[in-house]
Amino acid sequence: MPPFILVAPAAFKGTLGPRQVAEAFATGVRRAVPGALVLECPVADGGNGLLDVVLPVGALRERLQVTGPIGDSVSAEMGWIDGESASACGLALVEPEDRDPMCTTTRGVGELIWTAADRGARTIVVGLGGTSTVDGGTGAARGFGWTFENAAGEQLPDGGGSLTDLASLGSGWGLGARVVALADVATPLLGPEGAAPVFGPQKGARPEEIPQLAAGLSRLAELWALAGRPELGTMPMGGAAGGLGAGLVFFAKAELTGGAEWVLERAGFDAALAKADLVITGEGIFDKTSLVGKAPGEVVRRAQVAKKKVAVVAGRVEGLIGVHSVGGEDGRMLDGPALAQMAEQVAREALRL
């Protein structure tokens, strides 16, 4: 009986989306194992490639103009499934030289949420991965009517840098929709492992700005506590996307959940895994962070629990023990043919062909 091989990769950021990667892996696997039964199950975790994974072929996808992270108008994408919408706003919308979480905003995410709700969406699914912000979700809240004032009653500017002056919150408009926020990290909002120290540097914050961002998020959490939600400062995943996770829980009454688990359940991954002889996953860089909330790490974990052979293909593989893996050459951009070749190699090695 031919082997059943499950390919379940995430996006390779900056090159190929998850479906394109899955197609490349499948091509390589079929070269390595002619006649194999190959099932493509692309995955995501709330970050890059979410829409490509959760939307079926032919689903409605819209391009909408919203406020970008630095305040200019940008084109964002929203997809619809039976009254549900999924949306994302990411780091890719900001050039490296413009990244400044002191003033970048999640306002566009809130505008997408409001648009979806206003059009009748019953459930709104928001991917939290890859934002360029540390504003605690205050920008998103502005997108559906919330206001943020200092002690003099003046509106605060967007961004995380102004939150130390926050004195009061003004309630926004009722959404009338269930909001599900998908996180790819367990990071809390506050503390030494919180959103500001963990994510601030990668979003462009200078070392001297991290304490101010942390203090602003702490002030925001104080007001949330006064409003009856004292747990939001320490809840797991609250620090996702620079605090957008906790922010959506408060401002939009969102359900905050692990993106990898949500996507794998929706894709029917466990049923396919039960039949698989080999599972191949991958992403641009597979390291220790991949094993904490990322979709490829969850694929590896579930495969190991099910005692299945599992292999990883990545542009770079670091610290992976006990799993077949193939990494790319330093500095080489991985395209479809290169990924197919790597998948062919790792399939041969894993199946000892």
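A salt bridge is a side-chain nitrogen of Lys or Arg within 4 Å of a carboxyl oxygen of Asp or Glu. By this criterion, the predicted model holds 18 salt bridges.

**Exercise 1.** Determine which parts of the chain are linked by the salt bridge between Arg 61 and Glu 77.

*Solution.* 
Step 1. The closest N and O atoms of Arg 61 and Glu 77 lie 2.8 Å apart, and the cut-off is 4 Å, so the pair qualifies as a salt bridge.
Step 2. Arg 61 belongs to strand S3, residues 61–67, while Glu 77 belongs to strand S4, residues 73–81. The two residues are 16 residues apart, and the pair links distant parts of the chain.
Step 3. The relative accessible area of Arg 61 is 34%, and the residue is partly exposed.
Step 4. Arg 61 and Glu 77 also take part in a network of salt bridges with Asp 52 and Arg 63.

**Exercise 2.** Locate Asp 184 and Lys 294 in the chain, and classify Asp 184 as buried or exposed.

*Solution.* 
Step 1. A salt bridge joins the side chains of Asp 184 and Lys 294, with an N to O distance of 3.2 Å.
Step 2. Asp 184 is found in the loop between strand S9 (178–183) and helix H5 (195–199). Lys 294 is found in the loop between strand S11 (278–286) and helix H10 (295–305). The partners are 110 residues apart.
Step 3. Buried means under 20% relative accessible area. Asp 184 has 9% relative accessibility and therefore counts as buried.

**Exercise 3.** Describe the placement of Glu 298 and Arg 302 within their helix, and state how each is classified by accessibility.

*Solution.* 
Step 1. The side chains of this pair, Glu 298 and Arg 302, form a salt bridge at 2.7 Å, N to O.
Step 2. Both residues lie in helix H10, four residues apart, which is about one turn of the helix.
Step 3. Glu 298 counts as buried at 9% relative accessibility, and Arg 302 counts as buried at 15%.

Methods
Residues numbered from 1 in each chain as written. Predicted model: local features only at pLDDT ≥ 70, side-chain atom pairs only at ≥ 80, totals over all residues. Heavy atoms only, no water. Buried < 20%, exposed > 50% of the residue type's maximum accessible area, 1.4 Å probe, protein only.
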